[in-house]
Amino acid sequence: MSTEIVSSEKEIQNTDPRIKLIAAKMKKENYKADALIEILHTAQNAYGYLPMNILKFITKELKLPPSRVYSTVSFYHFFSLKSKGEHTCLVCTGTACYVKGALGLLDEIEHKFSLKPGQVSADNKLGVQVARCIGACGLAPAVVLDDEVHGKLTNEMITDSINAKIK
Amino acid sequence: MQNITIYIDDKKLEVESGKTILEVCRNNNIEILTMCHLEGVLDVGACRLCLVEIEGVNKLLSACTTKVAANMVIRTSTERIKRYQRITTELLFAERNHMCSVCVANGKCELQNLGYKVEMDSIRYPRLFPQCEVDTSHSWYVLDHNRCIMCTRCVRVCSEVEGAFNWSVKNRGYQVRIISDFNTPWGESTTCTSCGKCLHACPTGALWPKAIVQGQLDKKPEIIEELMAKRKMGL
Amino acid sequence: MNRNDLKVISEKAKEKHKKYKHKICVCCGAGCISSGSEGVLLKLQKEIVERGLQNEVEVIPTGCMGPCNQGPLVKYLPENTIYQKVDCENISQIVQSQIVEKKPIEDLLLFSDFHPKPFINAHDDPFFKKQLKIALKDCGDINPEEVEDYLAYDGYLALGKVLFQMSPEDVIAEIKHSRLRGRGGAGFPTGLKWETVYKYVSEEKYVICNGDEGDPGAFMDRSVLEGNPHRVIEGMAIAGYAVGANKGFAYIRGEYPLAIKRFEQAIKQAKKNGLLGNKILGSEFSFDIEVRIGAGAFVCGEETALIASIEGKRGTPKPRPPFPAESGLRGKPTLINNVETFASIVPILNNGGEWYSEIGTPKSAGTKVFALAGKINYSGLIEVPMGTSLREIVFELGGGIQGGGEFKAAQTGGPSGGCIPAKHLDVKMDYESLMSLGSIMGSGGLIVMDEKSDMVDVARYFMEFCMDESCGKCVPCRVGTKMMHDLLQKIYDGKGTSIDLERLEELAIYVKETSLCGLGASAPNPLQSTLRHFREEYESKIEQDID
Amino acid sequence: MDSKKKIATVCLGGCSGCHMSILDIDERILDVAKLADIVKSPIVDGKEFPEGVDIAIVEGSVTSDEHWHEIKLIRKRSKFIVALGDCAVMTNVTGMRNYFPLQEVIDEAYKNSVSNDAEGAEPNDPALLKLHDKVVPLQEVVKVDFIIPGCPPSADTIFYVLFEFLNNRIPNLSEVNKLKYG
């Protein structure tokens, strides 16, 4: 079983399953400006924070002025514009991942790196977060390391992948 | 529009209904202090300088957003109102850095004039001394956050008059700041048309053109009103 | 489903419950879940099946039962015996002893760690005995995830009655008659608010349920939304009918994922059963509800800020007038009520306004839910008639001060409220009495403090909260809260002077009277009330020889 | 002689510009001298702030321990304190360092900037002022009775205030159009 890795910013636009989640949400809300906060929730849940390229994507799709989106994002404490830690490990705990052992992955991370969800290592190298669903249910259990989606993970694989990142 | 009778500071007035208290006062030469009101754009009631007492209402209401009603008894300059205007002014001065030589030199700063009007001789509250940035990235204009009082006149002019939506406000509480686009440098804005209206709307030295020697800075907020009046007439 | 079907289904659901001899409720409110009640529920269900008792015993998850810090709680009906701090190891023992041997386990009974002789019927405990559950009725008895359970408890009958037997005017008259006042904090008469919205003529109107419960230490709305979401939906639909709105929004804090989940689920079930959506119960009335998730801004509890937030904007308030009743969401007449207010609508219509108006005090009718927290033995959720004294709440319902400490003050109303000192322990908990002491009813948070609490620190804490939560639009709140916070910090650090105290008092009055919205207008309350009742604590901290 | 009032003028954290402005009242000093004695001032000899002062005119802000103790002493020994000039009133130029951490300011002044002192050492003579982290105006430390803003206030304003006080009247700057910033 191989770890499926998706990388590079350009490809993210097309292949990151999380983009599709956000696109679907915008479509469901009829691209109305009213639903901006709802859409931001979807994005924040998928990424653990709001990456700039995603904000730009939402801004463009909803045809809103950039300042309108940024001012809204910065107003609410729920939204964060920065990922915590130099590298982030975002564990999906959506239903599919949950059933296939997302909690085991979190336990493993806690065991090996002494980090619980929401925490950042003392040297600020690694931050661990959970997402409600990243839309990669076929790859469950899935983890997003920085911007790469790693799917069908086992406990050993997650440790190796994280170590490879923070080394 | 029908006419109604109201009383302002014990003066009986016949005024058109549907007008705000501020409009009525200005038409009748009754002075109302304000920093966030700008003729030509919508009112937000944010500076709280235009608060007035209305008989039968237990709250102070902002003159710029409250419409006159028949038999309203309004007081605009009671001791309480004057005291509050002075505190508001002191808080505005205490919030950021208003140690400014330009307005002292040319006397054309609305904030400075406000200080004189409320007879402010000092700031009784500890000043906050925040570190604020100065954005000089635009080729012609400068945004100096130190002088900004968050009246949002620039934001409203940019969206309501120019329709560019370059400006907005980020964060909340005392950490609010004016932003361009995605909190990016003004010079990199994709929406700013460099029309310069926000410079005239700005009541302080937060927005100013590079081409003018600062001592000669002279703002003309009235151009916004003139522009909107012309627009209404279809000119 | 039409109105007759509703009655049939309701009867059927009742029948279904009757066939069981025993019912075991496992509290699955957010508090109990965090102490492991979901595991308890699964284990219990398994145990019942393993013992072959599934036709005799019904096991259901329920909403909050009240004594949250004793969780996980398991309630056994019909005896109404509650077991506390249940874990998976106890379950076999409970089933064996309670169901097979029919004798309760004393050591596990609720409050057995406080009482020498705990009560087998929990209702005999003062914690429950003194309560009167109206808004919280059925919460803790029904499965919030099943609409049938709600129907079995006469759910949606009030809506049926309203749609077919009452005109909007009748409904408003009934609510006015009940003298119900808004439970969000300010206590504006609900009937009057409905009538105002009703009177504005508009094609479109909206009903908004304010579930943005942001006070630290308050969780009444969360418990209602989690424990009985259909009750709120029914209340909103009735409100929609009364004021002439066809669209509702429920604005729920993002911090309450469980409440959001259950509420969304309940909306789906209601729609599926024709209790929401087009032509409800076969009537001419259509009503739909959408959930909006708050994004972490206390100020969005303020009506006009909440509306801005629903419109997808920064949650900054607007000057009133115009009030939302005239020009609210999307500029249309909008009714905004708190979760608890909506939860009180159904019982009022079922039992009549007259019945409700006779509960409580002359000016404050009905009951109020409080969230007890702080240095109190039984913290959790209670509902008592208005006018119950603070002493009763703290020392009888709440079981007194934790660790045998001394009562110093109770803080009500969160960052918008104030502190009530020991000498006013006999104050009646109603809108006016609390106001006269410089506090407010607020949404119902009640934090008890013992002699170790530093009141200057309490004021500083709440001021910091308001400073962080100020939207930054108007000057008094934006700069004033920061100034007051800095001055309080200075005094707390022992560096303050008598002039600082003077300025603090002046600023407090100023911010209160000049702020644009309720957040600023009430931000000085904790400061002013601690100054009023505990001035000596401030004075002991300041340097006196300034002049 | 007993009916003569005692005036003292002091310069804390300021540039002495306000004292220059005091000097600019020129021959009107004679009118003042008729009504008062100047018992302590940078322009008269005197080591310690004397007791029983009627009007203390204080220029400059509180920047250090020494200033803090001085203004406390002044408060104890004077009936009236007049804060003279923007530094005393709201820190003005002296307060510009408040936007930065103190150490950063010292480093910038003594270590990072060009100087003929090769090492760029931070001066540490025990006789130097012990700077506070933040500069504060007088009124954050003591009660101030009258305020004259301005950088510096004009000689006319200073004379007006003094003359009113000496004639037992409370001056009002706005009334006589003498309120002036900068």
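Where pLDDT is low, the predicted coordinates should not be read in detail. This is a predicted model, in which local features need pLDDT of at least 70 and side-chain atom pairs count only at pLDDT 80 or more, whereas totals for chains, interfaces and linings use all residues. Residues are numbered from 1 along each chain as its sequence is written, while chains are lettered from A and ligands numbered from 1 in the order in which they are written.

**Confidence in chain A**

- The mean pLDDT of chain A is 84, with 91% of its residues reaching 70 or more.
- Within chain A, confidence is lowest in helix 1 (residues 9–15), at a mean of 52, and highest in helix 5 (residues 66–75), at 97; helices (H or I, at least four residues) and strands (E, at least two) are DSSP runs, numbered from the N terminus.

**Domains of chain B**

- Chain B is divided into domain 1 (3–77) and domain 2 (86–232), with bounds that come from an automatic or database domain assignment.
- The contact between these domains takes 13 residues from domain 1 of chain B and 19 residues from domain 2 of chain B, and the centres of the two domains, taken over C-alpha atoms, are separated by 25 Å.
- On the side of domain 1 of chain B that touches domain 2 of chain B, 10 residues are nonpolar, one is polar and two are charged; Ala, Val, Leu, Ile, Met, Phe, Trp, Tyr, Cys and Pro count as nonpolar, Asp, Glu, Lys and Arg as charged, and the others, Gly among them, as polar.

**Strand pairing in chain B**

- Strand 3 (residues 51–54) of chain B pairs in the antiparallel sense with strand 4 (residues 61–62) of chain B over two bridges, where pairing requires that DSSP finds at least two bridges between two strands.
- Strand 7 (residues 141–144) of chain B pairs with strand 10 of chain B over three bridges, and B:Val142 stands opposite B:Trp208 in strand 10.

**Contacts between chains**

- Chain B places 14 residues in contact with nine residues of chain A; strand 8 (167–170) and strand 9 (177–180) of chain B each supply at least two residues of this side of chain B, with strand 8 giving the most, four residues.
- By class, the side of chain B that touches chain A has five nonpolar, six polar and three charged residues.
- The contact between chains C and B takes 22 residues from chain C and 25 residues from chain B, and helix 19 of chain C gives the most to the side of chain C that touches chain B, with eight residues.

Note on methods:
Two residues are in contact if their C-beta atoms, placed from the backbone, lie within 7 Å. pLDDT is the predictor's confidence in each residue, from 0 to 100.
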